Amino acid sequence: MSGAASRSLLRIQERFVSLQGEGSLVGVPSSFVRVSGCNLRCVWCDSPATSWAPEGVQAEVDEIVDFCRRGPPHVVLTGGEPLLFPALAALTRRLRAAAHHITIESAGTVWLDDLACDLISLSPKLAHSTPWERDPRWARAHEGRRLDVANLRRLLGAFPWQLKFVVRGEEPGLSEDLEEIESLLTTLEVEGAARAQVFLMPETVDPGALAVAYRRIGVACVERGFRLGQRLHIQLYGHTPGT
Ligand code: SF4
């Protein structure tokens, strides 16, 4: 693909209009554009059609802008890892010009110049995401890439942000995850009231398991000043594409 083509085309796995299910804008009607392709391989990835077995069709930036124009003011660019794709920067600038509110969901391991972004929703991946048993070769790559502190600092400094950590809802996993999160937040100097911009979300995609996980994780949130991260789309629709 030529450089010009790569700047105007994005491989899209799905696009749809629904309610934002996670983070500070939970419940807000939004257009979702899910880009296919990721530099990580979380063992529990909930969108494997963008990572382990990527699929999708190439779409022009113009076409995606038109799709969003016909939907709500809020747009969520997700993946996969959207920041891997140069065309995303042009897409965000076009969406900004059309007065959309732009959320970008990212694991925070990649930087992309010239982005327009109203909320960078960062989901750094914890140690339990590494697929040691599933795929040792990918596990080594994933482990080497999953936390890029310098890049996280740069993103936190550049845009309004939230941090969303996927945590295990049972012990001893939950305590291990909390220890890793606290260490990272200390390194990133996220402290005081800013800790309420840190969401802890249960790993499960089983609607029946959410309530118990919320209660366990909620205790940690109260003790530590984090925010309980909902997975509203799972509660409402189950683990269903296009929601
Ligand atoms: S970063 Fe996101 S899309 Fe990539 S493997 Fe992990 S959960 Fe899946």
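Let's start with G80. In this predicted model, G80 sits in the loop between strand 4 and helix 3, which covers 87-97. What joins G79 and G80? A cis peptide bond, with omega at about 10 degrees.

The peptide bond from E171 to P172 is cis, and omega is near 5 degrees. Find P172 in the loop between strand 7 and helix 6. Why stop at these bonds? Because most peptide bonds are trans, and most residues other than glycine have a negative phi.

Take A99. Its phi is near 70 degrees, a positive value, and A99 is not a glycine. A99 belongs to the loop between helix 3 and strand 5. Buried or exposed? A99 is exposed, because its relative accessible area is 65%, and the cut-off for exposed is over 50%.

Now D114. Here phi is near 65 degrees, again positive in a residue other than glycine. D114 is in the loop between strand 5 and strand 6. With a relative accessible area of 57%, D114 is exposed.

On to the largest pocket. Its volume is about 860 Å³. Its lining has 44 residues, and those closest to the centre are R34, D46, S47, T78 and G79. Which strand gives the most to the lining? Strand 1, with four residues. Several other elements supply at least two residues each, including strand 2 (29-35), strand 4 (74-78) and helix 8. By type, the lining divides into 16 nonpolar residues, 18 polar and ten charged.

Next, the inside. The largest nonpolar core holds 52 residues. Which of them touch the most other members? L88, F165 and L200. Helix 6 gives the most to this core, with six residues. Let's zoom in on L88. Leave aside neighbours within four places in sequence, and L88 is in contact with L10, V35, L77, P82, L83, I104, L112 and L115.

T103 lies in strand 5. Its relative accessibility is 2%, so T103 counts as buried; the cut-off for that is under 20%. Beyond four places in sequence, T103 touches L25, V75, V76, L77, L119 and S121. Note L77: T103 touches L77, and L88 is in contact with L77 as well.

Now helix 5, residues 149-158. Its buried residues are N151, L152, L155 and L156. Look down the helix axis. An α-helix has 3.6 residues a turn, so residues three or four places apart point the same way. What is on the face turned away? The exposed residues A150 and G157. And what covers the buried residues? The cover includes strand 6 (119-122), strand 7 and helix 6 (173-188).

Last stop, G238. Its place is in the segment after helix 8, which runs 232-237. G238 counts as buried, because its relative accessibility is 14%. Which residues does G238 contact, leaving aside neighbours within four places in sequence? P207, H233 and T243. One distance to finish. G238 and I181 are 57 residues apart in sequence, and 27 Å apart in space, C-alpha to C-alpha.

Key. Residues numbered from 1 in each chain as written. Predicted model: local features only at pLDDT ≥ 70, side-chain atom pairs only at ≥ 80, totals over all residues. Heavy atoms only, no water. Buried < 20%, exposed > 50% of the residue type's maximum accessible area, 1.4 Å probe, protein only. Contact = heavy atoms within 4.5 Å. 1 Å grid on protein atoms, 1.4 Å probe; cavity = no way out; pocket = protein on both sides within 12 Å on 5 of 7 lines; lining within 4 Å. Points joined across faces, edges and corners; volume = space filled by probe spheres on them. Nonpolar A, V, L, I, M, F, W, Y, C, P; charged D, E, K, R; others polar. Core = buried A, V, L, I, M, F, W, Y, C linked by side-chain atoms within 4.5 Å.
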